[in-house]
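Reader: I would like to learn how to read charged pairs in a protein model. Could you guide me?

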Amino acid sequence: MPITPATATHSSSNGTVDAILLELVDENGVTVGTAEKLAAHQPPGQLHRAFSVFLFDERGRLLLQQRALGKYHSPGVWSNTCCGHPYPGEAPFAAAARRTYEELGVSPSLLAEAGTVRYNHPDPASGLVEQEYNHLYVGLVQSPPRPDAEEVGATAFVTPAELAERHVKDTFSAWFMTVLDAARPAVRELTGPSAGW
């Protein structure tokens, strides 16, 4: 697995751990500054750039991930294939491809833009707030996931019917349905009408 600021601990010259910075944006997605990652998620939340990836197999099934129990935010819940935050100045597309490989050990055989969505989702369990301007991506995966256990607890490929069943019995991230619904037009275009998305 490649070592990046998201997967490695960095120490500065004075021995302190470097903060992970997020890109703050306005309502139009224009960069207005940066904030430390955890601080940006403290109530009421600071609007920041994020991305969400939805990968599908050759049968049109969506790859879900269960977030690792060690995650500080929304641990143990199911969510879309991959989500995260670009580093300041990093293109969202590049961040989406990078984190998909880091978390799941796969490189999409196709990855396409699917629009943006802006939302404000408090997480009752952690007390943190997702105030995000989210760049959406859909794509295809042709190799089996090899998840990083520190990031991902489990994975599953699901049909729309299987997702509906899981959504009733399992806990999903607060943002999951918002990003899925926003990405649905691109998902349908990618998977075709027979997949049922």
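Predicted model: local features only at pLDDT ≥ 70, side-chain atom pairs only at ≥ 80, totals over all residues.

Reader: What is a salt bridge, and how many does the structure hold?

Author: Side chains of opposite charge can pair when their charged atoms come close. The term means a side-chain nitrogen of Lys or Arg within 4 Å of a carboxyl oxygen of Asp or Glu. The structure holds 12 of them.

Reader: Which residue forms a salt bridge with E23?

Author: That is R49, with the closest N and O atoms 2.6 Å apart. E23 sits in strand β1 and R49 in strand β3, 26 residues apart; strands are DSSP runs of E, at least two residues, and helices runs of H or I, at least four, numbered from the N terminus.

Reader: Are E23 and R49 buried or exposed?

Author: Both are buried (under 20% relative accessible area; exposed is over 50%, partly exposed in between, with a 1.4 Å probe and protein chains only).

Reader: Where is D123, and what is the nearest side chain of opposite charge?

Author: D123 lies in the loop between β7 and β8. Although buried, D123 has no salt bridge, and R67 is the nearest such side chain, 8.1 Å away (Lys and Arg count as positive, Asp and Glu as negative; His and the chain ends are not counted).

Methods: Residues numbered from 1 in each chain as written. Heavy atoms only, no water.
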